[in-house]
Amino acid sequence: MFTLIGYEYFLGFLLLCSLVPVLALSASKLLRPSNRGPERRTTYESGMEPFGGAWIQFNIRYYMFALVFVIFDVETVFLYPWAVAFHRLGVLAFIEALIFIAILIVGLVYAWRKGALEWS
Amino acid sequence: MPLEFFLLLAAALFCIGIYGLITSRNAVRVLMSVELLLNSVNINLVAFSNFLDRQNINGQVFTVFVITVAAAEAAVGLAIILAIYRNRDTVDMEQFNLLKW
Amino acid sequence: MTLADGVQLVSTLILAAMVIGAALGVVLFDNIVYSAFTLGGVFISIAGLYILMNADFVSAAQVLIYVGAVNVLILFAIMLVNKQEVYSPVPRRWIRKLSAALVSAGLFGLLTVMLLQTEWLPNAAQTAPDSTVILIGEHFFSDYLLPFELASILLLMALVGAVVIARRESIVGEDTAIVGEQPAPVLELPERPREPVA
């Protein structure tokens, strides 16, 4: 049984929205003239010419930033219920949350000292 | 929808993940299959929490911890794959036979 | 059946079909980049199913962590290791695939029989909590306090371990320069020779 309040409209919108791309693409497929010139084969029909291959190797720094982001994203998910239920939890929970944050700040300091947060 | 529907869905997802885990040759795809397995477990936990334990939702709390473990596993696992790729210049699972007897 | 029930039924079926289809895509696509994007589809569909199972906070956490962070991490890792690699053919690989498929299908059959024969006792009499977020927060700081603090230790270990493993090359060098990095190519925009318009 579904008991969340306000999500019925969300589900309805979800169903309607899932029809939009299907309708848009099929309508344009029906209406457009079928013209297959060489220009239509390019990636950006009216923009920069793409150069080089798409399969290039990226720099490891991107991975470093994504890594630090993942860890602190998870931290956010843990701290959000604490913030919402703050008025019910009291001082002890505040100290416990501070311990939680302090442990992760150790990791942040480590990553900083190792240069994982620096671009150059 | 009955409880069995969600359990069947999770079982199907789990079996797809097992198949991918066994047959993939790309190491990154093996990690993706592990994520599928963890997600099927999460579906089970949330379904049990919704249908059997609606009062105090222990299953949802557990799901948050499983998501945490999955994120940590993905971070470390992908770092290991990057290290292996740097040393051996491949991500083919058939080439990772250093520990094979 | 009211309209709301119908909407829930249809969206549950659509989301379940999307989960299974996208999961098959993850496993069966040849191109690993397609697999990564269909993995994002699996995660988003599962988040929708969580909303249908009254778990709004878990659904938000699923979108935030899996789609926003883990999937991006996987895509970055693919971009870091991607080389159009031609795998050396393994003799009789189809036997392995077939046996793996048989094992998976057998496991699915076993699970199906098991969970259809078990007598579940759905407890519909219980009242749902007002806000799942507040309830989860109270769980975190009462009976799940130790796992909560251990989660931060786990995250710390994951961060330190992944930084050490992924950056091992920079410890060897005398400075923090990353070995094996290509010099930046000269930025230029080559123009395609234009054909005269007929």
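Helices are DSSP runs of H or I at least four residues long, numbered from the N terminus. In this predicted model, chain B follows the pattern α-α-α when read along its sequence.

**Chain B**
- The secondary structure of chain B consists of three helices and zero strands.
- Chain B has a radius of gyration of 17 Å, whereas a compact globule of 101 residues would have one near 13 Å.
- Along the principal axes, the C-alpha atoms of chain B fill a box of roughly 50 × 25 × 20 Å.

**Annotated spans of chain A**
- An unreviewed UniProt entry lists residues 6-31, 62-83 and 89-112 of chain A under "transmembrane region".
- Residues 6-31 of chain A are 96% helix and 0% strand, with the end C-alpha atoms 38 Å apart.
- Residues 62-83 of chain A are 100% helix and 0% strand, and their end C-alpha atoms lie 31 Å apart.

**Crossing of H1(A) and H1(C)**
- The crossing of H1(A) and H1(C) is left-handed.
- From H1(A), the residues Glu8(A), Leu11(A), Gly12(A) and Leu15(A) meet Ala4(C), Val7(C), Gln8(C), Val10(C), Ser11(C) and Ile14(C) of H1(C).
- By class, this contact of H1(A) with H1(C) has six nonpolar, three polar and one charged residues.

Notes:
Residues numbered from 1 in each chain as written. Chains lettered and ligands numbered in written order. Predicted model: local features only at pLDDT ≥ 70, side-chain atom pairs only at ≥ 80, totals over all residues. Heavy atoms only, no water. Left-handed = near helix turned anticlockwise from the far one by under 90°. Helix = DSSP H or I, 4+ residues; strand = E, 2+ residues; numbered from the N terminus. Contact = heavy atoms within 4.5 Å. Nonpolar A, V, L, I, M, F, W, Y, C, P; charged D, E, K, R; others polar. UniProt positions renumbered as here; feature names shortened; annotations may be inferred. Rg over C-alpha atoms; globule rule 2.2 N^0.38 Å.
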